[in-house]
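Trainee: Could you walk me through reading a helical model by its geometry and its contacts?
Mentor: Gladly; let's look at it together.

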Amino acid sequence: MYFMIDTVMISFMAGSTAVGIYSSAYKIITVFTTIYTVYTYVVFPLMSKLYKDSEDLLKVSYEKSIKYLLMIMLPFAIGITIYSQDIITFIYGESYIFAGDVLKILIWNVLFIMINGASTSLLNSSNSEVAVTKINGLACLVNVVLNLFLIYYLSYIGASIATVITGVIIFILMTYIILKK
């Protein structure tokens, strides 16, 4: 829910032009989140089995997942940050040039989506679904509050920043639960 609430809030607080700019960058990000979805379908059953059979292998699986997801996504994040204006211009044309700044910020949330996805799979496979639900509920609330403030002052850039901050908060909370467990 917190992934799309920003678009609704931008439409009410900043107007349709701001929504168009933000949404155009967000659609590019969606391509990368597909990797996360495929990852989840593949790894969750494995982690569930490893939780029952070998917690040591579960730990190794989780650590390697994080490593490989970062190896895949980090070069994309750096490249997209550097070439965001060119990518937006190529895909949407000059009239969407401001979406380059949004893309430059949102691409970093994909790293957190990947890491948080691996953490979610680990926690869900180890009977910590309630913790995941609480973390995501809190993240949704924080995201709405951040959006109220940041969209008011920074429009679609504020929504981008709020999204990344929300990803960081989820990362911190999930890491805390994993280390505690």
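We will go through helix shape, helix packing and then a few individual residues.

Mentor: Keep in mind that this is a predicted model.

Trainee: Where does H5 bend?

Mentor: The bend is at leucine 154, and its angle is about 145°.

Trainee: Next, packing. At what angle do H3 and H4 pack?

Mentor: For a helix pair, read the angle and the axis distance together. Helix H3 (residues 55–92) and helix H4 (residues 99–125) pack at about 170°, and their axes are 8 Å apart. Because angles over 145 degrees count as roughly antiparallel, H3 is roughly antiparallel to H4.

Trainee: Which classes of residue make up the contact of H3 with H4?

Mentor: There are 23 nonpolar residues in that contact, along with seven polar and two charged ones.

Trainee: Let me turn to single residues. Is serine 121 buried or exposed?

Mentor: Here you compare the relative accessibility with a cut-off: under 20% means buried. Serine 121, in helix H4, has 2% relative accessibility, so it counts as buried. Leaving out residues up to four places away in sequence, serine 121 touches Tyr39, Thr40, Phe44 and Met47.

Trainee: And what about serine 126: which residues does it touch?

Mentor: With residues up to four places away in sequence again not counted, serine 126 touches Tyr51 and Lys181. Serine 126 sits in the loop between H4 and H5, and its relative accessibility of 5% means that it counts as buried.

Trainee: Asparagine 127 is in the loop between H4 and H5 too. Is asparagine 127 buried or exposed?

Mentor: Exposed: asparagine 127 has a relative accessibility of 56%, and the cut-off for exposed is over 50%.

Conventions. Residues are numbered from 1 along each chain as its sequence is written. This is a predicted model: local features need pLDDT of at least 70, side-chain atom pairs count only at pLDDT 80 or more; totals for chains, interfaces and linings use all residues. Side-chain values use heavy atoms; hydrogens and water are left out. The bend at a residue is the angle between axes fitted to the seven residues ending there and the seven starting there. Helices (H or I, at least four residues) and strands (E, at least two) are DSSP runs, numbered from the N terminus. Axes are lines fitted to C-alpha atoms, for helices over the stretch in contact, and angles run from 0 to 180 degrees between N-to-C directions. Angles under 35 degrees count as roughly parallel, over 145 as roughly antiparallel, 65 to 115 as roughly perpendicular and the rest as oblique. Ala, Val, Leu, Ile, Met, Phe, Trp, Tyr, Cys and Pro count as nonpolar, Asp, Glu, Lys and Arg as charged, and the others, Gly among them, as polar. Buried means under 20% relative accessible area, exposed over 50%, partly exposed in between (1.4 Å probe, protein chains only). Contact means heavy atoms within 4.5 Å.
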